[in-house]
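Please open the structure in your viewer and keep the selection panel at hand. The stops below follow one another, each with something to select and a note on what is there.

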Amino acid sequence: MSVSPSSATETTGVVWIYLIAALISLVGLADAIYLTVEHLSGESLRCTIISGCSEVLSSPYAHVGSVPLAAVGAAAYFMVFSLATLAAFRYAFVAAILKIAVAMMFLTTLWLLYLQAFVIHHFCQYCLLSGVVSTALTVAVRLTPRSIRS
């Protein structure tokens with residue numbers, strides 16, 4: 001089976017997109033782990049760029065039951081890292097799962113931004129970083145050609 005030059009270039013581009021998505025997810029993972037550790041240690045988190053971190057992270061929306069929302073985010077970012085890495089190694093079946101996971105993360109980001117703006121009335125710079133990472137992941141996954149995505 002021969003591969004046309006444009007098809008090979010397209011496939012190589014897709015591999016790079018997935019590798020970039022994996023690297024981006026590591027930024028989100030580091031951010032979420034940091035927030036989880038701070039939450040579990042009981043420390044008051046200090047914002048250095050904007051004020052409001054403590055208000056956001058001590059709100060009732062900062063946890064799901066007894067689990068910090070940041071820990072859920074860490075698990076989601078690790079899952080995206082794993083799926084993007086597998087997709088970069090051409091495990092095509094994970095592309096659809098990655099697309100769904102990133103879409104769910106993006107919708108969650110929109111919901112959490114709404115809560116910060118209109119319910120809590122404060123913003124957390126670490127939460128905003130997570131929103132930027134989630135948005136970047138969404139863009140990266142959407143850049144994959146439809147013929148390659150599952």
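**First stop: helix H5**

Select helix H5, residues 125–142: at 1.5 Å a residue its 18 residues should span 26 Å, and the C-alpha atoms at its ends are 26 Å apart, which agrees. Here the expected span is 1.5 Å times one less than the number of residues, and helices are DSSP runs of H or I with at least four residues, numbered from the N terminus. This is a predicted model, in which local features need pLDDT of at least 70 and side-chain atom pairs count only at pLDDT 80 or more, while totals for chains, interfaces and linings use all residues. Residues are numbered from 1 along each chain as its sequence is written, and side-chain values use heavy atoms, with hydrogens and water left out.

Within H5, now colour the buried residues, among them Gln-125, Tyr-126, Cys-127, Ser-130 and Leu-137; buried means under 20% relative accessible area (1.4 Å probe, protein chains only).

**Second stop: the cysteines**

Select Cys-47 and Cys-53, which are joined by a disulfide with an S to S distance of 1.7 Å, a disulfide being a pair of cysteine sulfur atoms within 2.5 Å. A search of the whole structure finds one disulfide. The torsion about the S-S bond of Cys-47 and Cys-53 is about 95 degrees, so the disulfide is right-handed. Cys-47 counts as buried at 16% relative accessibility, and Cys-53 is buried with a relative accessible area of 1%.

Cys-127 is accordingly in no disulfide, and Cys-124 is buried, with a relative accessible area of 0%.

Select Ser-25, which has its place in helix H1 and is buried, with a relative accessible area of 0%. Which residues does Ser-25 contact, leaving aside its neighbours within four places in sequence? Show Tyr-77, Val-80, Phe-81 and Leu-137, with which Ser-25 is in contact, contact meaning heavy atoms within 4.5 Å.

**Last stop: the lining of the largest pocket**

Finally, select Leu-35, Leu-69, Ala-70, Leu-112 and Cys-127, which lie nearest the centre of the largest pocket among its 35 lining residues. A pocket is an open set of points on a 1 Å grid over the protein atoms alone, where a 1.4 Å probe fits, with protein on both sides within 12 Å along at least five of seven lines, and lining residues have an atom within 4 Å of a point. H4 gives the largest share of this lining, eight residues.

Terms used:
Helix = DSSP H or I, 4+ residues; strand = E, 2+ residues; numbered from the N terminus. Buried < 20%, exposed > 50% of the residue type's maximum accessible area, 1.4 Å probe, protein only.
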